[in-house]
Amino acid sequence: MRKNILMILPFFPYPLTSGGHQAIYNGIKALSNFANIYIVYRETRKDKNVINRINFLNQFKDGNVKIYPYVRELSSISFYHFIQFMLRKIKSKLLKSNADFRISDFDLTLDRISDDYIIYIKSLIKELKIDVVQMEMLPTIMNILIVPENVKTVFVHHELGYVVRKQSLTDLGFTEYRQLYLDYIKMKEIGLLKKYDRIITLSSDDKLKLINEGISEEKIEISYAIIEEPERIDDLKEIKSVLTFIGPEYHNPNYVGVLWFLENCWNLILRQNPTFELHIIGNWSSKTIKQIQNKYPNIIFCGYVRDLSEEIIGTTLIVPITIGSGIRMKILEAVSRKVPFVSTSVGAEGLPFTSGVDCIISDDPETFIKGIFEIQNKEIRRQFTDNAYELYKSNFSSGGLTNSRKRIIEGLF
């Protein structure tokens, strides 16, 4: 008998504009093969997602995926949150360079839960006869406190919050207060995770980190994220003098990573080959685009692209990520198309690729740059991409994702 699963998401995962969207979307597809899926996410009163919802549901012809967007009721508490939001925007303008103010944004577990939201979630659980509630990504983690004890719970951890924040502290600079604040939000994250029946991580690295924080090994399952099988792969007919980066600005590790690459590598690359271009794929603000293009030449912002193959085939993907956990979906996007990549160790963390065998991995700018030029050689490029493609095919199939998620759900009962 099919189980009823309520998925509480931080955003609507369609269209597939980021790695996070794609990871959630493919998880829904996997679960829908053996369960009835009901999706909750926060929607604004000006519903901009109607067309996206229709297109999304058209992917599931059996009718076993349904959407229940939550629209906040107008109340004194919602007015309070609006005032808080506006005050925070004013503060961010005045204090944007203040590290202690910026660190106050680290608490991603802080979800503005109101009475009507709690009632809405509890009523859905009761009316839909929900067997399992699954939360995804850190902003939804507090929802465990709403779920009745007789309902099973799963948390899909795409990226360990306290790990990312600890790495960010290196950029902000250490003080006793900042360390205290990081310890505080880490305790909240770990404490909430311990309340879940199961925790899914996207890599073995993240599982080990959680075990080291005292979470029972039996609670933690590894289930790799996957991407949709592309229609085209690189035939090596053309090697372009183009580097590509995939990822939106709003995910801070992308912003930090691009700046690291530009500050440490880009001018040195152009000295060796002035024709190189860097294409940044994903949504970035006009302010950031202007700042970067005024400072660095040959940078092209592509925005959201419908045909990723058209953009990246023949190029070299760079993954200069310096903070984060989980896995980088952008790497899977590349290797599934036989596009080579050069990454930092954090960028490649949790994935089974080996530097010098199927990619280049380096945290040293000089070696990172050397790897970019090395990978322009056709024979080296073919060796790397063939090896990486075989690993991708054996580890990141849709059938494997369905089997792992089914095993996890069945293991709850």
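Is I51 buried or exposed, and what is its relative accessible area?

Analyst: Happy to! I51 is exposed, at a relative accessible area of 55%; buried means under 20%, exposed over 50% and partly exposed in between, using a 1.4 Å probe and protein chains only. Residues are numbered from 1 along each chain as its sequence is written. This is a predicted model, where local features need pLDDT of at least 70, side-chain atom pairs count only at pLDDT 80 or more, and totals for chains, interfaces and linings use all residues, while side-chain values use heavy atoms, leaving out hydrogens and water.

I51 sits in helix α2, which covers residues 50-57 (helices are DSSP runs of H or I with at least four residues, strands are runs of E with at least two, and both are numbered from the N terminus). Together with V50 and I54, I51 makes a nonpolar surface patch of about 260 Å² accessible area. A patch takes residues with over 30% relative accessible area and no salt bridge, joining nonpolar side chains (Val, Leu, Ile, Met, Phe, Trp, Tyr) within 5 Å and like charges within 9 Å; the areas come from the Shrake-Rupley method with a 1.4 Å probe, and for residues only the protein chains shown count as cover.

Now for the aromatic residues. F12, Y14, Y25, Y41, F56 and F60 belong to one aromatic cluster. Across the whole structure, 22 aromatic pairs are found. In one of them, the ring centres of Y181 and Y184 are 5.9 Å apart and the planes meet at 55°, so this pair is tilted. (Rings of Phe, Tyr and Trp, the last by its six-membered ring, pair if their centres lie within 6.5 Å; planes under 30 degrees apart are stacked, over 60 edge-to-face and the rest tilted.) Both tyrosines lie in helix α7 (residues 176-193), three residues apart, or about one turn. Y181 is buried at 16%, whereas Y184 is partly exposed at 41%.

Charged side chains come next. The whole structure holds nine salt bridges, each a side-chain nitrogen of Lys or Arg within 4 Å of a carboxyl oxygen of Asp or Glu. One of them joins K186 to E213, with the closest N and O atoms 3.0 Å apart. K186 is in helix α7 and E213 in the loop between α8 (204-212) and β9 (220-222), so the bridge links parts 27 residues apart in sequence. K186 is partly exposed at 26%, and E213 is partly exposed at 27%.

K338 has two contacts to look at. Its side chain meets that of D386 in a salt bridge (3.0 Å, N to O). K338 lies in the loop between α12 (329-335) and β14, and D386 in helix α15 (residues 378-395), so parts 48 residues apart in sequence are tied together. K338 also lies over the face of Y389, at 5.1 Å from the ring centre (NZ of Lys or CZ of Arg must be within 6 Å of that centre and within 35 degrees of the ring normal). K338 is buried at 19%, while D386 is partly exposed at 31%.
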